[in-house]
Amino acid sequence: MSEDLQQIVLWLIPAAPLVAAIVTAVLGPKLLRYKSHLPCWSALAVSFVCSLILLLKILPSVEQAAPPEEVGVAISQTATGPQVIASGFEWFNVGSLHANIELRADSITAIMLTMVTGVSLLVAMFGSGYMSHDPGYPRFFAAVSLFVFSMCMLVLSGSFILLFVFWEAVGLCSYLLIGFWFQKPSAAAAAKKAFVVNRIGDFGLIMGIFLIWKHFGSLDFVTVLGNAARIAEVDAQNPGVIQLICFCLFLGAMGKSAQFPLQVWLPDAMEGPTPVSALIHAATMVTAGVYLVARCTPLFVMAPHAQMAVSGIGAATAAIAALIALTQTDLKRVLAYSTVSQLGFMFMALGCGAASAELVTPAVTAGMFHLFTHAFFKALLFLAAGSVMHAMGDVIDMRRFSGLKHALPITHWTFLVGAAALAGVPLLAGFWSKDDILAVLQEASRSETHGLYFGVIRVIAIGAAFLTAFYTFRAYFMTFWGPEKFPEEAGHHPHEVTPIMAWPLRTLAVCAAGIGLLVGPTHLFGDYLQKTMGLTPEHEHHLHWGVMLMSSIIAVAGIGFAWMFYVASPTIPAAIARTMKPFYVISQGKFFLDEIFMGLIVFPLLGIAKLATLVDKYFIDGIVDTVGKVPKALSIIPRQLHGGVVSSYASVMWVGVVTAVVLVLTMF
Amino acid sequence: MIALLFISLLIPAATALLLMLFRTSLNQSSARWVACCGSIAALLFSVLLLVQYRVQVVDPFGSGVMPVASSVDPASAIQPRVEYRQPWLKTGERMQLEMYFGLDGISVTMIALTTLLTVCSVLISWEAIQDRASEFYAAVLILETGLIGVFCAFDLVLFYVFFEMTLIPLFFMIAIWGGPERKWAAIKFFLYTLAGSLVTLSGLIYVVVHTSHEGLTNPTSLPALSAWLATHPLPESMQMTLFLAVAAGFLIKVPVFPFHTWLPLAHVEAPTAGSVLLAGVLLKLGSYGFLRICLPLFPAACLELGLPIIGLLSVIGIIYGSLCALAQRDIKKLVAYSSVAHLGFCMLGLFALNTEGITGSVLQMINHGLSTGALFIIVGMIYERYHTRMMDDLGGLASKLPMIACSMVFISMSSIGLPGLNGFIGEFLSLAGMFKANPLYGVLGTTGVVLGAWYLLTAVQRVFFGTLKEPHHAGHDAVEITDMNPREFLALAPLIVMCLWIGVRPAGLIAIIEPDIKAVAGLFENQDDSPTEAFVQNTTNILNHNAQISIP
């Protein structure tokens, strides 16, 4: 494929959704109306095909064309792996800050792009059925197209500054789509919360970018990340600076990927339409943080403390979110907490490189693999939950319906596949990736230096994996099993999904079932990913039979407990809730993290803000007004003399004349 | 090109004169049409000026060489590219005052911003100003004249005359057409800023007299003064004192914390057009003054005092202004406090004293003019419809006024610095510059990014989202509340387009202003002290400031 053609393909991936977004925004409300999905569909199809071409054709051909690297020389030079670069225009160029609009695709980009565009296409198809009677139909598709554009650009960015631009842009789309039903006060509040909490993370990301710019003199990925010797040099010149950069970048990742304690926005984000939750808040945008940390592996390698923090925060998040998910009754919130928890799993894996240098590549591979499989089964679960919601008249509280498996057979089967994949049932997608993570953690816990630390994290991971299986099947059994019960909003005969919604569900179900087996144990995924800049290809592969056995047992045990609690003897949960009331309340209350957040940060800041206005009014402005009174005060005495009363003038004049006369007389 | 400048300067003045002369015979409708035509004509000519400047001055031969006006000393940190000088007064044997108009990239862009915002102001006052319309529009146009004058004045006398001239029309705009507290607000605004600028004046007089004694023949000419001071620097202690004196007026004008208290009051009371011009351009006179006078004339003092002290005040201003904005219930006051925070970014960049920071600062001046101008216009639209600005009385307006709501979301995003819109570039460069100069201030300033999103999105949420809530006296005069009308659209659309354009393609704008910024930043930056720069492969074409080529 010629170079020009490669560049066109690369540009088409983000450009098609952008054009669709503009067309829908301009023509949608008046002209397209309920056909507004057409530009979006076609653009996403184009993007998806182009991503596949990039993945399967362009990058392999680039790799073959490149001269083989000589062993030993590569260390001091910039090593990029196979990549395609398409330059656009100069954005700004001031002093030593350069920002160009330039696309750069390498292996990790191609994988992300294929996943993003593929899932978006399916979600957009589902969305056209789900949103079919909504007055904001064109707005929905315009925002979704804009989101896909931003997300594609995010992973195609070749520099930190461009990454930041689209990091914010996906945040904007998330804001617009969470607040899609802006008439609902809760949706409006959730949208704002998501944006502001994300900004806290962005603060870290900006700091990281400034530090990189200051110490590397560039923000280009190839310049900064491609040269390990350069990173070591910077680290030697300024000890600790790489650690600091990594902590800052990770703060950014924590915001976007909803890691503890910044996870508070994600469950609220479920106020958005369900296809949005599936696309943005499960499969794609929230994984941007994982992508960022994986992308910056060459920096994180030099910062073991930051890596350990990544693992630690990931473990804490995974555990807390899993514990909260146990008691939630809102189906979408269960899935949201599950997303938070699974993102925690990915970070747990990413940080394992701290244990030993050989573990870096397997760790990143495991994290990215989980990201990849998670996108399919979690999108599936959300869309299935969406179709439940659709049939139940927008009711999503699991206590108000049950036994839907006969009424909604397609939804039931697809949800079951997704739930099984998430729980880690052997051979399904989630099983392989979670297995990889557990295996990496096991390796890390054998390390001499940080063995204990990673040992603890491993135990947490196993516990969280068990909880995952349990809460997922709790949701499944509560929704689809038991006596058939519908809320009155649903009418008497809930409708199963229309074909346009059913096919995306079926496709995703096939992916959730098979994609792990297809690319995991065959090492297709790992071998492809490891050509990314900063990773070293592994040559030996082995299956971790022990870990696989263990995780199978965990999954089955979790499902078994869920069956026992919610199908066999449904009185157990209530009994447990009664006997372990404090724990139940904490879990049900989401660890009161929202309240803690409000109490420790929001209210104090609002108090300070109120105080600031008072200080402004009475102190600062008071001083100004006082100073303003000085001339008036100085004039008190002179003013008496200019009172405008003629008699006083006359008397003063009389005194003056007498004095003058007396003076004159005495002088002579 | 200088003719174009004079035309853009004189059109508003002539229109204002016309409006004043025929104020008894012009009714509201004809007055606004006259004003509209006058301001649009001024806009067209200033845009033409900008285009011509871009074509003829900025890199006319593609050689990386930027011509300077023939009489300018290349050592000067202020380099008008085009100039018009006319001897004016001769005092004594040696001192000669002259009328010195000039243009460089910064002034050309600021003039275009002024004329654009004036057109918006006229359009937005269309219905709002009912009585004494003729005088109102005359005031708007006199204000425009004064603002353009400041931006093209390259000598201290003209600068100061135009600088003070802007006070009078705005004083009347607030005092006559303002809100219930208008008299107090107008007096406070007038006296506070006047008091500050008198201190500035005394400092400037001292500089002029001192340099004239030392032998400079044209001490009021800014380029000459700056070139002369580059070779005969003032003693450091004198620089400090003079810097503080000159800064006094500018600090109040910007306003930098804690000299800002006149601003919220003036904004709340001023009519929409007044607020737009006040926030959009008038405040920039302060930062422009710093850039034009303090930085080139007192470089040592800027390093010693400006960076640590004004930098700190700006950081406090960013955080404090944001917090105050967060606690406001009056949406106009919220926008006013957000101005304090945004100008904090502007000053932070300026006193980073490096190319990145100063460029960010100038961009922030322009961006703040566009986005805050637009915010005031939107607040004005809401006020015109509901006669309230209290956020508690409003809610869910997006379902009733979708176009206004969309614009509000867009402008808020621009104001909180979303990349891809204009606000980001200014903020990012200012912060990056400060991070390079003083990391602590840079870090603290960046917290404003979080707070900025918080207060503005809270305002958006409370006014536009949620269930529809309208004040009950809304339909009082039986006028149906409708979405944006074409006139309002015309007032807002150019600003929105500019926000997007600057956000996506800032390079063109930066190319216009950068040479002038490099000239100033050259005073502070050692050219070869950055080892990291050598690593950057992306080389830039370095402009050769010493080249003197007269304009063909």
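This is a predicted model: local features need pLDDT of at least 70, side-chain atom pairs count only at pLDDT 80 or more; totals for chains, interfaces and linings use all residues.
Guide: B:Val315 has its place in helix H13 of chain B.

Visitor: Why is B:Val315 called buried?

Guide: A residue is called buried if 20 or more other C-beta atoms lie within 10 Å of its own, and B:Val315 has 26 other C-beta atoms within 10 Å, so B:Val315 is buried. As for a residue elsewhere in the chain, B:Leu401 lies 86 residues from B:Val315 in sequence and 37 Å from it in space, C-alpha to C-alpha.

Visitor: What makes helix H18 of chain B largely enclosed by the rest of the structure?

Guide: Of the 26 residues of H18(B), 19 are buried, and therefore the helix is largely enclosed by the rest of the structure.

Visitor: How do you know that the span of helix H18 of chain B is close to the one expected?

Guide: The helix, residues 439-464, has 26 residues, and the expected span is 1.5 Å times one less than the number of residues; this gives 38 Å, and the helix reaches 38 Å from its first C-alpha to its last.

Visitor: What does helix H18 of chain B supply to the side of chain B that touches chain A?

Guide: In all, 49 residues of chain B are in contact with 46 residues of chain A, and H18(B) gives the largest share of that side of chain B, 11 residues. By class, this side of chain B has 28 nonpolar, 18 polar and three charged residues.

Visitor: Why are strands E1 and E2 of chain A said to pair?

Guide: Two strands pair if at least two bridges are found between them, and eight bridges join E1(A), residues 84-94, to E2(A), residues 97-105, so the two antiparallel strands meet that condition. One of the partners is A:Leu97 in E2(A), which is bridged to A:Val94. The hairpin has two residues between the strands, and in it A:Gly95 takes a positive phi near 55°.

Visitor: How many helices and strands does chain A have, and what share of its residues counts as buried?

Guide: Chain A has 27 helices and two strands, and 57% of its 668 residues count as buried. The C-alpha trace of chain A spans about 130 × 70 × 60 Å along its principal axes.

How values were computed: Residues are numbered from 1 along each chain as its sequence is written. Chains are lettered from A and ligands numbered from 1 in the order in which they are written. Helices (H or I, at least four residues) and strands (E, at least two) are DSSP runs, numbered from the N terminus. A residue is buried if 20 or more other C-beta atoms lie within 10 Å of its own, exposed if 12 or fewer, and partly exposed in between; C-beta atoms are placed from the backbone. Two residues are in contact if their C-beta atoms, placed from the backbone, lie within 7 Å. Ala, Val, Leu, Ile, Met, Phe, Trp, Tyr, Cys and Pro count as nonpolar, Asp, Glu, Lys and Arg as charged, and the others, Gly among them, as polar.
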